[in-house]
Amino acid sequence: MSLPAEFHEIAKRVNNWGRWGADDEIGTLNLITDDVVRGAAASVLSGRRVPLALPLRQDGVQTGMIPGRVNPLHTMVQINQELFGPGTVACSDDAVTMGLQAATHWDALAHVSHSGRLYNGRSADTVTAHGGAGFGGIDKPRHIVSRGVLLDVARALGTERLDGGHAVTPEDLEAAEELGGTKVGPGDIVLVRTGQMQLYLAGDREGYAFPSPGLSVRTPEWFHARDVAAVANDTLTFEIFPPETEDMWLPVHALDLVEMGMPQGQNWNLEELSTACGHAGRHAFLLSAMPEPFVGGTGTPVAPVAIL
């Protein structure tokens with residue numbers, strides 16, 4: 001089923017193709033300038049560091065709902081092996097097999113396509129079986145460090161966890177801005193807390209995955225107007241799931257990644273950060289969320305840290 005007219009109308013309003021040149025492969029990350037990073041560094045007051053990544057483990061968030069996206073399988077390939085003969089220094093090494101988007105991760109701009117196109121109008125055929133993403137791969141952003149802003153939507157709406165059918169709207173985002181006393185601006189990385197992560201942390205993987213609150217199809221225009229550099233949240237699917245419009249699957253992915261060129265993050269653990277920001281009375285911080293440079297990758301694991 002083709003995408004409806006409503007989608008294409010929004011796509012025209014948020015489209016960034018050509019904004020940073022015909023060859024650009026990092027999209028809205030161009031908005032993270034040296035001045036933005038200097039300003040982000042100035043937001044560090046206490047030096048408290050809050051990790052935002054889930055542990056990489058075999059019983060992680062993936063349930064099989066997304067084919068091929070497997071939780072990490074960790075194996076030992078040598079255990080205390082004396083490589084250079086008896087009595088020499090012994091080494092232990094390990095290996096892992098996993099989906100690059102299995103746990104806390106960034107989606108690359110090449111992660112989704114629509115109408116045969118990727119960001120900046122490139123053909124979806126540039127993603128191949130052997131080379132992966134030939135354009136817009138996760139290896140293209142060399143660093144992702146900026147001011148992070150926590151929009152704690154759950155607390156702004158007076159709850160610890162949004163209902164599974166809640167589509168986060170621009171009005172919700174503005175309520176969270178008001179709660180945090182912080183205005184989202186150009187080059188910011190926005191972290192949207194729904195509280196859904198609480199289900200996974202309590203051992204309910206199925207409940208965490210479905211049904212899930214998430215971003216509404218109305219939010220890309222809000223992020224575009226604010227010149228946001230990237231967005232991440234604490235859910236498996238990023239946008240509301242099942243979708244708010246019947247049979248329109250992953251429209252927010254397509255608008256953010258393909259039309260805007262804005263990276264997305266999923267499965268970020270924002271629970272400790274919510275508490276820390278509440279105690280500090282501020283919701284802006286320096287955020288380091290460096291992508292692992294998998295050449296041709298359509299996503300990457302990430303271990304982000306918020307520094308207050």
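Guide: A residue is called buried when its relative accessible area is under 20%, exposed when it is over 50%, and partly exposed in between, with a 1.4 Å probe and protein chains only. What you see is a predicted model, in which local features need a pLDDT of at least 70 and side-chain atom pairs count only at pLDDT 80 or more, while totals for chains, interfaces and linings use all residues. Residues are numbered from 1 along each chain as its sequence is written, and side-chain values use heavy atoms, with hydrogens and water left out.

Rolling a probe the size of a water molecule over the atoms shows where empty space is left. On a 1 Å grid over the protein atoms alone, a pocket is an open set of points with protein on both sides within 12 Å along at least five of seven lines, whereas a cavity is a set where a 1.4 Å probe fits but cannot get out; lining residues have an atom within 4 Å of a point. Points are joined across faces, edges and corners, and the volume is the space filled by probe spheres set on them.

The largest pocket has a volume of about 210 Å³, and its lining is made up of Met65, Ile66, Arg69, His111, Val112, Leu236, Thr237, Phe241, Leu250, His253 and Gln266. If Ala, Val, Leu, Ile, Met, Phe, Trp, Tyr, Cys and Pro are taken as nonpolar, Asp, Glu, Lys and Arg as charged, and the others, Gly among them, as polar, this lining has 6 nonpolar, 4 polar and 1 charged residues.

Phe241, one of the residues that line the largest pocket, is joined to Pro242 by a cis peptide bond with an omega of about 0°. Pro242 lies in the loop between strand 11 (230-233) and helix 8 (251-260), where strands (E, at least two residues) and helices (H or I, at least four) are DSSP runs numbered from the N terminus. The second largest cavity, with about 40 Å³ of space, is lined by Leu215, Glu239, Ile240, Pro243, Glu244, Thr245, Met248, Pro251 and Val252, a set that divides into 6 nonpolar, 1 polar and 2 charged. Another cis bond joins Phe210 and Pro211, with omega about -10°, and there Pro211 is found in the loop between helix 6 (205-209) and strand 10 (214-215).

The second largest pocket, of about 170 Å³, is lined by Ile26, Leu29, Asn30, Ile32, Val37, Lys140, Pro141, Arg142, His143 and Val145, which come to 6 nonpolar, 2 polar and 2 charged. Pro141 also belongs to the lining of the largest cavity, where Ala108, Leu109, Ile138, Pro141 and Pro263 lie nearest the centre among 13 lining residues. That cavity holds about 60 Å³, and its lining has 8 nonpolar, 2 polar and 3 charged residues. In total, the structure holds 2 cavities of 30 Å³ or more.

Turning to the loops, Ser115 is found between strand 4 (105-107) and strand 5 (127-128), and it has a positive phi of about 55° although it is not a glycine. Because its relative accessibility is 61%, Ser115 counts as exposed. Asp227, in the loop between helix 7 and strand 11, likewise is not a glycine and has a positive phi of about 55°.

Helix 7 (219-226) is also part of what covers the buried residues of helix 4, together with elements including strand 7 (145-152) and strand 9 (189-193), contact meaning heavy atoms within 4.5 Å. In helix 4 (residues 170-180), the buried residues are Pro170, Asp172, Leu173, Ala176, Glu177 and Gly180. Seen down the helix axis, they fall within an arc of 160°, so they line one face of helix 4; the arc is that of the directions from the axis to the C-beta atoms. Just after helix 4, Gly181 takes a positive phi of about 65°.
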